[in-house]
Amino acid sequence: MDNDETYYSDRQYPHCFVTLGASGDLARKKIYPTLWWLFRDDLLPVNTVFFGYARSKLSMCDLNKNCEPYMHLKPDERIQFEKFWNLNYYLSGQYNSKTDFELLNQKIAKFETGSIANRLFYLAIPPFLFQDVATQIKNTCMSDKGWTRIVIEKPFGHDLQSSETLSYHLSSLFEETQLYRIDHYLGKEMVQNLMTLRFGNRVFYPTWNRDNIACILISFKESFGIEGRGGYFDEYGIIRDVMQNHLLQILTLVAMEKPVTFAPDDIRNEKVKILKSTKTLELNNIILGQYVGDPQKEGDAKLGYRDDRTIPKDSITPTYAIAVLFINNERWDGVPFILRCGKALNERKAEIRIQFRDVPGDIFDGKSKRNELVIRVQPEEAVYVKFMVKTPGMAFDIEETELDLTYSTRYQNIKLPDAYERLILDVFCGSQMNFVRTDELKEAWRIFTPLLNRIENDKIVPIPYIYGSRGPNEADELLIKNNFTYTGTYKWKPKM
């Protein structure tokens, strides 16, 4: 039953969605709001109940109060909102207690009338609890008259060895079709649009190769720092937090060959091929940075990373990284794929920037600039192409302009779904297209683990950069070295 075609026939059967870690930030800010939006829009099976499970002693009133600020509730939705909470239940228990999970199983079973009933477990818990919880689910909470699916949040390990240990443990308990490793970036509208842009448009398809593309820059920039939430981040750093998962996943969609069909495994097979062809990242192809406070500013910008109370004063964890990867295949040989991510930068932005080669035989005295295809993931979702035109008027001069598809302008009356909405609905449907497969995860860690070990063993100190800047100056040098051209003569302005 694990495919999209079964979804609508499944709607009539009882479903139970269990959030493990229901008292945590992820559950409060993302999972419960997402479940509410799906329920409000009538996208869930009609007989769905929701269980929260955590160690905290909470009442349903407490849980409701914790989550409501993130629900974006409208005044006329109050009655439906109450109906949603009437289908929610909460159980306090330990994550390694067979007795507590047996009690959870008994409570779920009371709602599973009829001959078919399905269960979904969302592991919104710290990684060190994954193995205990997975074991308890397998031993005590599997559905005995339907399917059981397990959703696992990143990080999927700390390096190749820990990832393989976790994967081996999970595969000893569950089939691959039951596992949904969630990377919310794969649910974003513009990331999902990549395959249509590439494979559905003749204008792009023939030029998508080393003969026409100079380099590809995939960026994830945040304009804020840690802001008191450094416990997790200082252990993992920006490479594990963003680059090894979000940005690398985008790279696979940009670079992969056309899949045979849109079937989930056909797509994931092509992604794995690209990762296998990607060379291990080396130290000379990466720049690391850590933000410091700007004494001229007020508020958070005045504080550096190590000024945060949750960060050790001697921490050398990078908050910025720019890395260059190379794919050893016929299509991409020699083309730099530049991944850039950082906190406390000059703007909040995620985008894919495909920069084409210079036009040969320049007749415009060097005034012509490179064409670029830019896919803006957030904010202000858009696709635009930078190209050259004659400047209007009597004189013959040229200038940069754009062909612009800004989603807020073109699709004014359409609400783009939140990434978690799309992905959680995919779990109900049984579609694994936008989830990370075991072999995909292994290859991703293979690319980064030697570098991460080198950084930690050699205690490499990141370059300081000022809060609110573009990052270390050395990053610009790495861009130039890898054939990325930034002129600063053009800035895209989204249509309002």
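## Salt bridges

Asp 294 and Lys 297 form a salt bridge in which the closest N and O atoms are 3.7 Å apart, a salt bridge being a side-chain nitrogen of Lys or Arg within 4 Å of a carboxyl oxygen of Asp or Glu. Asp 294 counts as buried because its relative accessibility is 12%, whereas Lys 297, at 38%, counts as partly exposed; here buried means under 20% relative accessible area, exposed over 50%, and partly exposed in between, with a 1.4 Å probe and protein chains only. Salt bridges that share partners also join Lys 221, Glu 347, Lys 349, Glu 351, Arg 353, Glu 372 and Lys 386 into one network. The structure is a predicted model, in which local features need pLDDT of at least 70 and side-chain atom pairs count only at pLDDT 80 or more, while totals for chains, interfaces and linings use all residues. Residues are numbered from 1 along each chain as its sequence is written, and side-chain values use heavy atoms, with hydrogens and water left out.

By this rule the count comes to 31 salt bridges. One of them is formed by the side chains of Lys 30 and Asp 418, at 4.0 Å from N to O; Lys 30 lies in helix H2 (residues 25-40) and Asp 418 in the loop between helix H12 (407-410) and H13, so the pair ties together parts that are 388 residues apart in sequence. Helices (H or I, at least four residues) and strands (E, at least two) are DSSP runs, numbered from the N terminus. Both partners count as partly exposed, Lys 30 at 33% relative accessibility and Asp 418 at 23%. Another salt bridge joins Asp 41 to Arg 40, with the closest N and O atoms 3.0 Å apart; Asp 41 is partly exposed at 35% relative accessibility, but Arg 40, at 16%, is buried.

## Aromatic pairs

A search of the whole structure finds 25 aromatic pairs, where rings of Phe, Tyr and Trp (its six-membered ring) pair if their centres lie within 6.5 Å, and planes under 30 degrees apart count as stacked, over 60 as edge-to-face and the rest as tilted. Phe 17 and Tyr 122 form a tilted pair, 6.3 Å centre to centre with 40 degrees between the planes. This pair links distant parts of the chain, since Phe 17 is in strand S1 (residues 15-20) and Tyr 122 in strand S4 (residues 118-123), 105 residues apart. Phe 17 also forms a stacked pair with Phe 428, at 6.0 Å centre to centre and 15 degrees between the planes, and that pair links strand S1 to helix H13 (residues 419-429) across 411 residues. Phe 17 and Tyr 122 are both buried, as are Phe 17 and Phe 428.

Elsewhere, ring pairs link Tyr 32, Trp 36, Phe 39, Phe 50, Phe 81, Phe 84 and Trp 85 into a cluster.

Lys 343 lies in the loop between strand S10 (337-342) and strand S11 (349-356), and counts as buried because its relative accessibility is 9%. Its side chain is joined to that of Glu 222 by a polar contact of 2.6 Å, meaning a pair of N or O atoms within 3.5 Å, of which, within protein, one must be able to donate a hydrogen and the other to accept it, residues adjacent in sequence counting only if both atoms are side-chain atoms. Leaving aside neighbours within four places in sequence, the residues in contact with Lys 343 (heavy atoms within 4.5 Å) include Phe 224, Asp 241, Tyr 291 and Tyr 465.

Ser 223 is placed in the loop between strand S7 (213-221) and helix H10 (230-255) and is partly exposed, with a relative accessible area of 32%. The C-alpha atoms of Ser 223 and Lys 349 are separated by 8.4 Å, although these residues are 126 residues apart along the chain. Not counting residues up to four places away in sequence, Ser 223 touches Ala 344, Leu 345, Glu 347, Arg 348 and Tyr 467.

## Backbone geometry

Most residues other than glycine have a negative phi, and most peptide bonds are trans. Ala 344, in the loop between S10 and S11, has a positive phi near 60 degrees and is buried, with a relative accessible area of 0%. Asn 483, in the segment after helix H15 (473-481), has a positive phi near 70 degrees and is partly exposed at 31%. A cis peptide bond, with omega about -20 degrees, joins Gln 378 and Pro 379, and Pro 379 lies in the loop between S12 and strand S13 (382-390).
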